[in-house]
Amino acid sequence: MSVSRVFCAALALLAVASSIHSLHAKPASDDPAAAATKQVVEQIVKENEPKPEPQPITPGNLPNFLQKGIAWLIAAQHNDGGWGGGSHAQQSVRDPHAVQTDPATTAFTLLSLMRAGHTPVEGLYQSQAKRGLEYLLTAVEKSKVEGPLITDVEGTQPQIKLGRYVDTAMTSQYLSRVLPLVEKDEALHKRVDAALDKCLAKLQVSQQADGSWGQGGGWAPVLQSSLSCSALEIAAANGKQIDKDVLEKARNYQKGNFSVATGKADASAAAGVELYAFNGALRANAADAQEAQSRVEKAKAEGKLEANAVVSEESLRVSGLEPVAARKLAQAAVQNEAQIDRLGDEQLLKGFGNNGGEEYLSYLMTSESLVIAGGDKFQNWNGKMAERLEKVQNGDGSWSGHHCITSPVFCTAAVVQCLTTENDAEFLSEMAKRTNSHQMADAGM
C-alpha cells in the first residue's frame, strides 16, 4: 500500500476512534484503539515531513561580529568573481564595487572564506568561492609565461605597499590550498594544478640572491617576501616540488631580520615599521621552533632524555640530530622564545601608529606562527586580538585601514583570517612538519 493510502486509512481510523470517544466520553488514556491510531498517524506525518537542507560544515563557532564581516565580503564580490583592493592613487575610495578587481585581493579574500568553511566544494558560500577560483584561474591562464607577474593590473594598494609580486604570491597560496579539495573534478583539478605550477615557477625564478622578493618596489617589501615564503611552504606541504635552496633562503632571509641579542627586528625593508619585519621573522622561524620542540618531546618519550629536559643544542643531539641540524633548531627555539616575549609590547603592536592593512596582515602572521610553533601562547594572543579587532570593526561589518592599505576588502579578509587561524591549526602544524622533514632529509640532516 502506498504511503498516501496508509496515511488516508490512518486518518479514517482516527476519525472513527474520535467518534467513539465522543459518544462514550472516555478519556484518551482509557481508549487504547484511539491512542494507537493516533500514534500511527503521528509517525507517518513525522516520516513524511520535508527534510531540512543539510547545513554546511563550518569549522569552529564563529562569533556574530565575524559572521557579519564574512557576509560583508560576500556582498563585496564583483560580477567577474573577483574582489578589489583599490588603487593606491585613490585610497579614499571605500566602496568595494567602485574599485577594480585584482588577483592578490581576490586570493586573500578566498583564503579568509576558506578558513571560515567556505570553499569551491562546500560551505554556505560555495558558489561565490567557485566564482572567485574561476577568476584567479582565468587571470593566471591569460598571463605571460615569462616574468614574475600574473596580471596587467597596476598600481593597486597591495602592489604599491607590499610589492609588485604580491598577486603571484597570494594566488600561489590559495591555489596550493584548494588543489587537494578539487580532486574529484578532473577538469578543474587539472586547471588548478597547471595554474599553480605557473605561479610557483614565477615565484622561484624571481627570488633575489638574499632570499627576498624585494625587487620591484613596495613600501614594505618584507611582507611580500614573507607571503612568498609561505606560498612555497604551503605548496611543498601539498606535494609540489619546490627547490629546497629557494625555500631555505626565503626562511633564512626572514629569520635574519630579527636579532636575539637586541630583541628587535631590522625594519629597513619594512618602511621603518618594526612590526612588519618582526612578524615575518616570527612566521619563518615557527616551523623550525616546532621541529625542535617535537624532537625533544619524542626523545623524552623514548627515554633518551629526562622528563624535565629543555630544548637545547645538547638535547637535540641526544635526540639523534647531527651537530649542524641540532645547532640550527636550537637557535630557532631561542629566537622563537625571544620573539614571543615581545608580543606584550604595545609599542611594537601599534606598528605605524594606527591600523592599516599591514598591521592586520602582521597580526595574522603572528597567529599562524603561534599555532605552528605550538605551546600555550596562542589562546592568550587570540583572545587579545579578538577583543582588539572587534572594537575597531565598522558598523557595516567591514574593517578598513587608516593608512597605506586602507582597502576594507583587504583589511576585512586579513582580520577574518587572523581570528579563524585556529580552524587551520591542523593544516598549519602538518604543513610545518612536512616541509621541515623534507628540508632536513634533502640536506642529509
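This is a predicted model: local features need pLDDT of at least 70, side-chain atom pairs count only at pLDDT 80 or more; totals for chains, interfaces and linings use all residues.

Numbering starts from 1 along each chain as its sequence is written, and side-chain values use heavy atoms, with hydrogens and water left out.

**Stop one: helix H16.** Select residues 377-391; helices here are DSSP runs (H or I, at least four residues), numbered from the N terminus. Now pick out Phe378, Trp381, Asn382, Met385 and Leu389, the buried residues of H16 (buried is under 20% relative accessible area, exposed over 50%, with a 1.4 Å probe and protein chains only). They sit on the same side of H16, because they cover an arc of only 100 degrees around the axis, taken from the directions from the helix axis to the C-beta atoms.

**Stop two: the core.** Leu389 is also among the residues that touch the most other members of the largest nonpolar core, which has 104 residues. Such a core is a set of buried Ala, Val, Leu, Ile, Met, Phe, Trp, Tyr and Cys residues joined through side-chain atoms within 4.5 Å. Next, show helix H9 (residues 221-237), which gives the most to this core, with 10 residues.

**Stop three: the lining.** Finally, select Arg115, Gln173, Ile234, Glu368 and Gln417: of the 19 residues that line the largest cavity, these are the closest to its centre. On a 1 Å grid over the protein atoms alone, a cavity is a set of points where a 1.4 Å probe fits but cannot get out, and lining residues have an atom within 4 Å of a point.

Methods
Helices (H or I, at least four residues) and strands (E, at least two) are DSSP runs, numbered from the N terminus. The expected span of a helix is 1.5 Å times one less than its number of residues. On a 1 Å grid over the protein atoms alone, a cavity is a set of points where a 1.4 Å probe fits but cannot get out, and a pocket is an open set with protein on both sides within 12 Å along at least five of seven lines; lining residues have an atom within 4 Å of a point.
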